[in-house]
Every structure is written in structure tokens, then in C-alpha cells.
Amino acid sequence: MQAAQGRLADMRAVLVCALLSLLSFSHACPKECSCNGNTKVVDCRGRGLYDIPKRLHPETQELYLQDNRIRGLGSMAFREIPLVRILDLSNNSITTVSPTALLGLRALQRLSLAYNSLRELDKRLLGPIRTLSHLDLSHNSLWGLPGALGESLRNLSHLGLSHNKLTRLDRSLLEVLTHLDSLTLRSNPWRCDCQLIGLKLWLETFIYKGGVVDEVICTQPEEMKNTDLQKVPYQLFHICMTSSYHYLFANIHHLENERLLRGHTHGNHAHPSSHAIHVPMAMGEGFGGGGGGGSGLPECEPKQRHRPVNLRHAIATVIITGVVCGIVFLMMLAAAVYGCAYAAIMAKYQRELKKNEELAAAKGADHAKADEKELLENAIA
């Protein structure tokens, strides 16, 4: 009996706590917004706001601020809601974002800054966040993304970059996004020069692995205008291939990174954290601030053992390619010589045949004249 009464008292306590929590959530709701204590959602859409609302409940998990007039995000703008998982700031007038605007958001999973007027993002903006899976930056005026931003996007599954002013995209940033499933790049003024070969190679691998991407339509140079980068043949990059090392090193880095990823997938459980460090180093391109720390050298040392093997493989590949090309060249040369000799023999045969035909015709004419003369003499006699 006493146990039953104790359980009843516990249930009452839980209900009271839940009720108090709901009451406190409702009480902390800003007057410009509507709040749901059960789902911990704060909806401030289309309220004509110029700034982030105050007095947000610290247990807020979803905050919707789209369709307002917010022009900027200051330092620690969301410090009141450290547990927020979804933050939607789309369709505002945001032009500036403080590097520390998102500081303290340890659980943020989805962030939308679409349909704003952003020109650039600071590499420190997403620094403390490691849980982000969905980032939408489409319909802005971004000229580029800092390479160091990739360190905060390792768990990203969707990245929206369409309708910006991107002319190129650093492949080193994309290489870090090992969990990326979908990417939007349409409606950017892409310049399809040697610098974009890395993106083309990455896109081919990304699509081959099942990734979804819309299109990369070239606007420059003129001969590639209005052509999807994925459909541009490599022959059009012949200048890069013959007179520049960009294409060669992009492909070598691409193959090396794929080999390292396969190696980490099948083994090397002794250093599980080394994958996050060695991939950028294998590509030969660092990310800002990645060189510090006392643990950098021990993590990088094991990878140096693989470099001689990779060098031997590269040399062997070059030698084999050279031998094959040499054989093909010799075969083509032999075929050309044979063709020339055959043509010469056939020409000589045709000349002799024609000469014989002319001689036969001349002899026939002489015989005809002799016969005619004999008939004439017989007629006179």
C-alpha cells in the first residue's frame, strides 16, 4: 500500500514538473512570437522583426525567423537558446553576420540563411558547431567560401549554394564533406578554366558514389558558355593538361585521397582520429588554423611511411604509360611506312599498266593501217 502511494506521489510530481515547465515556456515566449511548450517550437515568421526576439526560453529547440526584416546578426545572438536544433533565418535582409553569432549553439543541426544579402562568411562562424547536417546558403551574393569552413561541415548531408556569385569552388573544402548526400550549385557565374578541373573531378566521384547535384553551367570562357561542367569533355582543357600542372596534381591528389579513404575504411583502427587530419594533408592543401597544436606531428608521422609507396606507384604508372604510348607510336609509324610503300607500288603498277595499254593500242593501229594498205593494193591489181 505504501509502495503504491509512493508511486502515485512520484507520478504527481512528474506531472507537476511537466506542467510547470509548460507554464514557464509559455511565460518566456516573446510577445512577437507564438510558442508551443510541447514541441518547444518558437514561431516568429512574418512579424516584421528587425532583430532577434528577447526573452527566449533556454529550452527552445526550433526557432523560425523567416520572412522578417532582420539586417544583421551580432555576437552571440542566440546565447539564450543553446539547445536549439533548427534555426531558420531565410528571406530576411541580412548583410552581416558576426564571426561569433552562433557561439554556444552546441546542438544546431539545420541552419538556413537563404534569400538574404550575404557577400561573405567568416571562417570562424561555424567553428564551434560539429552537429550541423543541413546548411542552406542559396539566393545570396556569396563570392566564395573560406576553405577552413569545411572543418565545421564534416557531418553535413545537404549544402545549398545555388543562386550566388560563385565563379569557382575550392575542391579542398568539398573533400572534407564525407557525409554529403546532396549539393545545389545552379545559377552561379562559373568560370570553367583550369581552376575548375578539381571541381569537375570531385563531381564525377560524388555522383558515382550516389550523391545528388543539380548543375554547374559555365558562363566563361565563351566556347564553354551555357554548357554543364559535367558534360564538358576533357579535350577542351587541353591547355591545362599540356602547359599547366593544375590538371596533373588535381588528379594525383584525387586518386591519393580515394586510396587513403579506402585504407581508413578497411583498417587502421589504432588511430581513429587520424582520418580527419590526413585527408587535407594528402591533398596538399591545409585549412586555416590547422597547423597548430602539439599533437599535429605525431598524427602526421604515420602517413609519411606511405609516401615512398605512392611515389613508386606513380613512377611505375608513368613508365608503363610511356611504354604503351611508345608501342602505339611505333605501330602507327610502321602502318604509315607500309601505307606509303603500298601506295608507291600501286602507283608504279598503274603507270606500267597504262603504258602497256598505250603500246597495245599503238600496235593495233599499225596493224589496222597495214591491213588497209594491203586491201588497197589488191583492189588496184
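Which of the 59 residues in the largest nonpolar core touch the most other members? They are Leu63, Leu73, Phe78, Leu89, Leu126 and Leu183. A nonpolar core is here a set of buried Ala, Val, Leu, Ile, Met, Phe, Trp, Tyr and Cys residues joined through side-chain atoms within 4.5 Å. Buried means under 20% relative accessible area, exposed over 50%, and partly exposed in between, with a 1.4 Å probe and protein chains only.

The model is predicted: local features need pLDDT of at least 70, side-chain atom pairs count only at pLDDT 80 or more, and totals for chains, interfaces and linings use all residues. Residues are numbered from 1 along each chain as its sequence is written, and side-chain values use heavy atoms, with hydrogens and water left out.

Helix 3 gives the most, with 4 residues. Helices (H or I, at least four residues) and strands (E, at least two) are DSSP runs, numbered from the N terminus. In soluble globular proteins, nonpolar side chains tend to be buried together.

For Leu89, contacts (heavy atoms within 4.5 Å) are listed without residues up to four places away in sequence. Leu89 touches Ile52, Leu65, Ile70, Leu73, Phe78, Ile94, Ser112, Leu113, Ala114 and Asn116.

## Disulfides

A disulfide is counted where a pair of cysteine sulfur atoms lies within 2.5 Å. By this rule the count is 3 disulfides.

| Pair | S to S distance | Torsion about S-S | Hand |
|---|---|---|---|
| Cys29 and Cys35 | 1.9 Å | 85 degrees | right-handed |
| Cys33 and Cys44 | 1.9 Å | about 105 degrees | right-handed |
| Cys192 and Cys218 | 1.9 Å | about -90 degrees | left-handed |

In the pair of Cys29 and Cys35, Cys35 is partly exposed, with a relative accessible area of 27%.

A disulfide joins Cys33 to Cys44. This pair links distant parts of the chain, 11 residues apart: Cys33 is in the loop between helix 1 (2-27) and strand 1 (34-36), and Cys44 is in the loop between strand 2 (41-43) and strand 3 (62-64). Both Cys33 and Cys44 are buried.

Cys192 and Cys218 also form a disulfide. Cys192 lies in the loop between strand 11 (190-191) and helix 3 (197-208), and Cys218 in strand 13 (residues 218-220), so the pair ties together parts that are 26 residues apart in sequence. Cys192 and Cys218 are buried as well.

## His158

His158 lies in strand 9 (residues 158-160). Its relative accessibility is 17%, so His158 counts as buried. The side chains of His158 and Ser182 are joined by a polar contact of 2.7 Å. A polar contact is a pair of N or O atoms within 3.5 Å; within protein, one must be able to donate a hydrogen and the other to accept it, and residues adjacent in sequence count only if both atoms are side-chain atoms. Leaving aside neighbours within four places in sequence, His158 is in contact with Ser133, His134, Leu135, Leu180, Ser182 and Thr184.

## Residues 314-345

An unreviewed UniProt entry lists residues 314-345 as "transmembrane region". UniProt positions follow the numbering used here, feature names are shortened, and annotations may be inferred rather than shown by experiment. In the model, the span is 100% helix and 0% strand, and the end C-alpha atoms of residues 314-345 lie 46 Å apart.

Two further cysteines have computed accessibilities. Cys325 counts as partly exposed, at 47% relative accessibility, and Cys340 counts as exposed, at 55%.
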